[in-house]
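Colleague: I am new to this structure. Please take a close look at the ligand site and the sheets around it.

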Amino acid sequence: MDMQEQLRRIQEEASAQLEGIRDKAGLDALRLKMLGKKGELTMLLRSMGQLPAEERPKAGQMINAVRERLTAHMDELDAKIKQLEQEKKLEREAIDVTEPRAHTPIGCPHPISLVQDQLCDVFTGMGFDVVEGPEVEFDLFNFELLNLPKNHPARDAQDTFYIDENIVLRTHTSPVQARTMRSRKPPIRIVCPGRVYRADEVDATHSPVFHQMEGLVIDKDVTMADLKGTLDAFAQNLYGEDVTTRFRPSFFPFTEPSAEVDLTCVNCHGKGCRVCKGTGWIEVLGAGMVNPKVLDMCGIDSKTYSGFAFGVGLERIAMLRYGITDMRLFYEGDVRFLSQFRED
Ligand code: DAH
C-alpha cells in the first residue's frame, strides 16, 4: 500500500470514529491511537525514511496536513463534549421552583412561655430587670437566707427533691431574691421567671414541676403602697382596667407583713361565679414587705433600705387567662392543645 493510500485510510478511519464518539474517554483513546507515540499517523511519519529522498518533503507535508486537520477536529469535539457535560450537570442540579414543598409544620410558643413573656414585658415596662437563677439550688438560698432555717415548720409546705443535704431542686423562685441582694446594690428592681419543683402528686392543680415569677424591689422608703400600686398595674395590664387587687393577711417567713393577693375574678368581673366560687375574687400570688432579717442576712442594711417582694405561679395566670381548667394539659405536649396558642 503506498503512503498516500495509507494516509487516506487513516483519515477516513479517524473521521468515521470521530462521528461515533460521545465522551472524553473515547476521544482520548482515538487521540492515542492516531497521534500517540505509537499512533498510526506517528508511525507513518516515522516510516518516511524508507521513501526516496525527493519524495520526503511532499510526504511530510501531506502527513502534517492530515495531522493538523485531525487535531483540529479532535479539539473541536473536545470542546463540544465539555459543553455537553456541563449542560448535563446543570440539568441534574436544576431545582424546580414550582414544585410544591414538603409540608413543614411551624411550631408556636407554649402558653406558659407566652404568659412569662407577657409578664416580663409588663414589668420591664415598669423599670424591672429580668434575672435568672439556677434550678438546682443551695439550701442556703432556697431556705436559710429566706429565714427558713433547718427544721422550720414552714419548710413542710415546700417539700422538694434533695440532691444532697445542702442542695435541692428549688421550691420557688425566691432564692433569686437572695442571690440578687447579695450581688447587687440597691436600688434593686427585678423579676425572675423560672421552673420550680416540689414533691407533689400530679392532679388538675398540682405538678411536681411548675413555673413561677418572683419580683423584688429594694430602695429607700419603699412601702406597702408601692407594692399595691405595682401589683394593680400588673393586674390591669394583663387582664384589663376594671381588675383590682385585694390583700389578705398571710404568713411567709421572708416577708413581714405578708399578704395573699387576690384579683377581681376575670371570669365574672367580681359578680361571683363558678371560677371564683361565688366570691368575686381569685387568689393569684403571695407578697409582702421583705423581712428586715432577710435584708440583713443578704447584706443589705435594713435601717436604710426597705423593699417588697412577690411570687406568682405562671400556670395559674395562664389557666385564668386562657380558661384552662386542668394543669396537666400544659405538660402533655399534645399539639392539638398547644397549637391553639398561636399568636399570628
Ligand atoms: N415563694 C412563695 C411560694 O412559693 C411565694 C411568695 C410569697 C414569694 C411571698 C414572695 C413573697 O416573694 O413575698 O409560695
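Modeller: Start with terms. Helices (H or I, at least four residues) and strands (E, at least two) are DSSP runs, numbered from the N terminus. Two strands pair if DSSP finds at least two bridges between them. This is a predicted model, where local features need pLDDT of at least 70, side-chain atom pairs count only at pLDDT 80 or more, and totals for chains, interfaces and linings use all residues. Residues are numbered from 1 along each chain as its sequence is written, and side-chain values use heavy atoms, with hydrogens and water left out.

Now the ligand. Its shell holds 16 residues, the closest being His172, Ser174, Gln177, Arg198 and Glu214. A residue is near a molecule if one of its heavy atoms lies within 4 Å of it. By class, 5 of the shell residues are nonpolar, 9 polar and 2 charged. Ala, Val, Leu, Ile, Met, Phe, Trp, Tyr, Cys and Pro count as nonpolar; Asp, Glu, Lys and Arg count as charged; the others, Gly among them, count as polar.

Next, the polar contacts (pairs of N or O atoms within 3.5 Å). A side-chain N or O atom of Glu214 sits 2.6 Å from an oxygen atom of the ligand. The backbone also takes part: an N or O atom of Ala309 is 3.2 Å from a ligand oxygen. For a polar backbone atom of Phe310, the distance to a ligand oxygen is 3.4 Å. On its own the ligand has 360 Å² of accessible area, and the protein covers 91% of that. Such areas come from the Shrake-Rupley method with a 1.4 Å probe.

Which strands supply the shell? Strand 6 (209-219), strand 9 (281-290) and strand 10 (306-313) each give at least two residues. These strands belong to an open sheet of 7 strands, in the order 1-5-6-10-9-8-7, with mixed pairing. Strand 1 (129-130) and strand 7 are at the edges with a single partner strand each, so one side of each has no neighbour in the sheet.

Follow the sheet from strand 9. Strand 8 pairs with strand 9 in the antiparallel sense over 8 bridges. Thr255 has Val290 in strand 9 as its bridge partner. Strand 7 (residues 245-252) and strand 8 (residues 255-264) also run antiparallel, joined by 7 bridges. Phe247 stands opposite Val261 in strand 8. Strands 7 and 8 form a hairpin, with 2 residues between them.

Notes
Polar contact = N/O pair within 3.5 Å; in protein donor to acceptor, adjacent residues only side chain to side chain.
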